[in-house]
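Look at the sequence and the 3D structure shown here.

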Amino acid sequence: MPKQPPLPILGIAAQPSRRSGVSKRALSAIRMLEAAGYEAYFCGGCVRDYIMGYEPNDWDIATNAAPTVTLEVFKEYATKTNGLKHGTVRVLLKDEELEITTFRTESDYADSRHPNSVAFVGSLTEDVQRRDFTMNALAMKVHNVLQGGGCRRQYEVIDLAGGVADIEAGIIRCVGDPEKRFTEDALRILRAVRFASKLGFRIEEATAQAALKLAPNLQYISAERKRDELNKLLCGEYAPQVLREYRELLAAVIPELAWQFDRDQLNPYHKYTLWEHTVRTIEALPCSGLNRWAALLHDVGKKDTFTTDAAGIGHFYGHAGVGAELTDRILQDLRFSNYSRTTITTLVKHHMDTFEPTRKAVRRAVFKYGHDTFRRLISLQRADRIACEPDAPPDDLFDRLEALRRELEASESVFTRADLAVNGNDLVQLGYRKKQIREELEKLVNAVLDETLPNERAKLLATAEDDIQALLDKK
Ligand code: ATP
Ligand code: MG
């Protein structure tokens, strides 16, 4: 999300010329509700992002129009009504889907997540009380002001919970009593840390203490919601600080990580405690989900493989393999997609493998893992190395591996069986049967990867012919 210079935060906010304006579609939806005689505001995270100079993900609208009225106002447009029970109508306005929610309060959270009852209320003042953090309880109105013969927009920020001062001070604070708010909905605990990770804000003391106290309630939150929040946390610019400061909150979701906290690795090669090493590995990677998940979990197998030798030195033999099994289970529990789970698990499993910076070795690695996973593996290994010895002289191994990988990617080299210039049918024509076909294809692929044979049909067929002859002669 591109960051722009923050607006001066005032009751009436000016729009600097460099800032992209508010969403045109959302503004026209607000105007339509107003024209029908209702109040309507930009509300929640979009106002927070807008005044901070971030491009909002979504432009949510809050209104005193009842959901049935909203449906009537937007009857010409496609609408989705699956959130109607909670007062939300989704309207597709041209190419933008907008969430329009009736002012509401919530009560009786029996399951630490979902309110048992939702009541529609008449005012924004009541509505903001249900919102999680002061910075998310802001609303904004856009006025058209006549000036010097022209029309100028004025942005009025409506701050009923002290959100503007908290944004200015960089503080995440619950609206109301934090223990009550986290008891109502434990997902808010993870939302607090993911905002801290994205914005670099600190969590206000009472809010942080309540989050720690009520973290066990995260067990009631769906795996998918936890996964999504943790993913945003890991991708945040300030993720390393948050992972250091609020590590117990992470351990409430992934208890396997708690063993790493303050863990001396008893090994001169490891300068840092295990958790600090994990955090530094994450820090050394760009803010991308899959790689950072692999970094988070890359040493998760160390707990079960930890031994000390006669000299008291710590070892973790086989931790990558054990870690891969644990990783697979953790990611299954968090309902990761098969693709993400397989990729992250492969990275954990092979993070200790060594690769020679030669064309041949890189070809083999790309054949085994594919370009995307091998590229990620090089990055993870580089980050892992940096996180062990940040002061070590620069090692160009990873640059050389990556350069060779790119070179191969750009060339037309053979990497999969499908790229081989002969196929199973060709071998059948030569007299190969069943298992022999697979074995011969494997042999030819390896020969091409090793550059002992070119990927040329005539040469491959000639080799295959010699090989079948040798097989027949043996019989
Ligand atoms: P994002 O940048 O991820 O969109 P957001 O704060 O806008 O962050 P949304 O899920 O879009 O998050 O929700 C919009 C608004 O709804 C929030 O800003 C907040 O006011 C309110 N909200 C969302 N989830 C909760 C929750 N669990 N508890 C209370 N209020 C919430
Ligand atoms: Mg949002």
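Two strands are said to pair if DSSP finds at least two bridges between them. Helices (H or I, at least four residues) and strands (E, at least two) are DSSP runs, numbered from the N terminus. The structure is a predicted model, in which local features need pLDDT of at least 70 and side-chain atom pairs count only at pLDDT 80 or more, while totals for chains, interfaces and linings use all residues. Residues are numbered from 1 along each chain as its sequence is written, chains are lettered from A and ligands numbered from 1 in the order in which they are written, and side-chain values use heavy atoms, with hydrogens and water left out.

By these rules, strands β5 and β6 (residues 96-102) pair in the antiparallel sense, over six bridges. Within this pairing, valine 91 stands opposite leucine 98 in β6. The hairpin of β5 and β6 has two residues between the strands, and lysine 94 takes a positive phi near 55 degrees there. Strand β4 (residues 78-80) also runs antiparallel to β5, joined to it by three bridges; here alanine 78 stands opposite leucine 92 in β5. In a regular strand the side chains alternate between the two faces of the sheet.

Is β5 enclosed or open? A residue is called buried under 20% relative accessible area, exposed over 50%, and partly exposed in between (1.4 Å probe, protein chains only). Five of the six residues of β5 (residues 88-93) are buried, so the strand is largely enclosed by the rest of the structure.

Now take the protein as a whole. It has 22 helices and 14 strands. Its radius of gyration (taken over C-alpha atoms) is 29 Å, well over the 23 Å that the globule rule gives for 475 residues, so the protein is more spread out than a compact globule. That rule is 2.2 Å times the number of residues to the power 0.38. The C-alpha trace spans about 95 × 60 × 45 Å along its principal axes. Buried residues make up 49% of the 475 residues.

A nonpolar core is a set of buried Ala, Val, Leu, Ile, Met, Phe, Trp, Tyr and Cys residues joined through side-chain atoms within 4.5 Å. The largest such core has 102 residues, and among those that touch the most other members are Val22, Phe42, Trp293 and Phe374. Helix α7 (residues 187-199) gives the largest share, eight residues.

Histidine 298 is found in the loop between α13 (289-297) and α14 (302-305). Histidine 298 is buried, with a relative accessible area of 0%. Its side chain reaches the backbone oxygen of alanine 295 at 2.6 Å. A polar contact (a pair of N or O atoms within 3.5 Å; within protein, one must be able to donate a hydrogen and the other to accept it, and residues adjacent in sequence count only if both atoms are side-chain atoms) of 3.3 Å joins the side chains of histidine 298 and aspartate 384.

Alanine 324 has its place in helix α15 (residues 319-333), and is buried as well, with a relative accessible area of 5%.
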